[in-house]
Amino acid sequence: MKVYINGKFYEKSEAKISVFDHGLLYGDGVFEGIRVYNRLVFKLKEHIERLFESAKSIMLKISLTKEQLLEVVIQTLKENKLDDAYIRLIVTRGEGDLGLDPRKCFGRSSIIIIADKIALYPKELYKEGLKIITVPTVRNVPEALNPQIKSLNYLNNILAKIEALNAGFDEAIMLDHLGYVAECTGDNIFIVKKNHLYTPPQCMGTLRGITRDAVLEISRKNKIFAHEHVLTRHEVYISDECFLTGTAAEIIPVVCVDGRVIGAGKPGKMTLSIMKKFKELTRREGVKY
Ligand code: PXG
């Protein structure tokens, strides 16, 4: 495996950055997770756009342009000769002296690109569906650390993941500070009720996921009514179907939430149809290399 770091490729064992990098010291940086399907990079421009938005919000200057970054992502894939892959694109504040002050960094962001594989949940769960729970840790409030910023500080989500795992579940629903459903630890959530789709709006402590947007795009094209709407746990419990979306997770059905069986307790018709259409979309669209 070849890892891109600041303009050069390194073998995995040699791919290292300084312990004085503020990405490590303070989680000061941003990232994206991107998928490649049969040499098509899915929604690459959208991921790069979101990376630049995250960086702008935390006043982090990325030392490459969007076009240059797109090129080095493609270069990394070619270097690794991968047809299907998961790309982790990371930009940190860079190396600096100790202390939170970003001015202590030497002025050059670190850009890292890893091309690898990822499997978020065991394969059989895509057929059987996930059983999930709501956890005590609430999603970061937008006024503190806005969930739209895909920052290197993922402790909020990691704590929720730990709570789910400790209870014997693979995934957690995180609520926002008002008690409404926000999202899961690395996925957005959708429910189906009477053939309509519902997902929380992005203002509710919810990342505007690129897979989420793709599902909304699929629903528009297929004349499925989709609503960005505030959701309570109750509405999830009484839904006909439920599924999660994310670059790492793709689309995975949910069959039980907090002990309440969803619908018939197996992946629903609408979910299976959207999973199929999403698969077709990923095989058809993307930046080719
Ligand atoms: N919510 C959160 C908190 C996320 O981190 C999503 C929703 C889905 O967004 P996208 O744009 O991917 O549809 C994410 C994305 C990982 C991993 O390593 C996590 C994500 C993406 C890629 C890898 O667990 N989260």
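Colleague: Why does Arg93 count as buried?

Modeller: Arg93 has 12% relative accessibility. Buried means under 20% relative accessible area, exposed over 50%, and partly exposed in between, using a 1.4 Å probe and protein chains only. So Arg93 counts as buried. This is a predicted model, where local features need pLDDT of at least 70, side-chain atom pairs count only at pLDDT 80 or more, and totals for chains, interfaces and linings use all residues. Residues are numbered from 1 along each chain as its sequence is written, and side-chain values use heavy atoms, with hydrogens and water left out.

Colleague: What makes Asp28 and Arg93 a salt bridge?

Modeller: Their closest N and O atoms are 2.9 Å apart. A salt bridge needs a side-chain nitrogen of Lys or Arg within 4 Å of a carboxyl oxygen of Asp or Glu. The pair therefore qualifies. Asp28 lies in the loop between α1 (22–26) and β3 (29–37), and Arg93 in the loop between β5 and β6, so the pair ties together parts 65 residues apart in sequence.

Colleague: Is Asp28 buried or exposed?

Modeller: Buried, because its relative accessibility is 11%.

Colleague: Why is Arg103 called exposed?

Modeller: Arg103 has 72% relative accessibility, so it counts as exposed. Arg103 meets Asp101 in a salt bridge, at 2.8 Å from N to O. Asp101 is partly exposed because its value is 25%.

Colleague: How do you know that Lys276 and Glu280 are separated by about one helical turn?

Modeller: Both sit in helix α8 (residues 269–284), four residues apart.

How values were computed:
Helix = DSSP H or I, 4+ residues; strand = E, 2+ residues; numbered from the N terminus.
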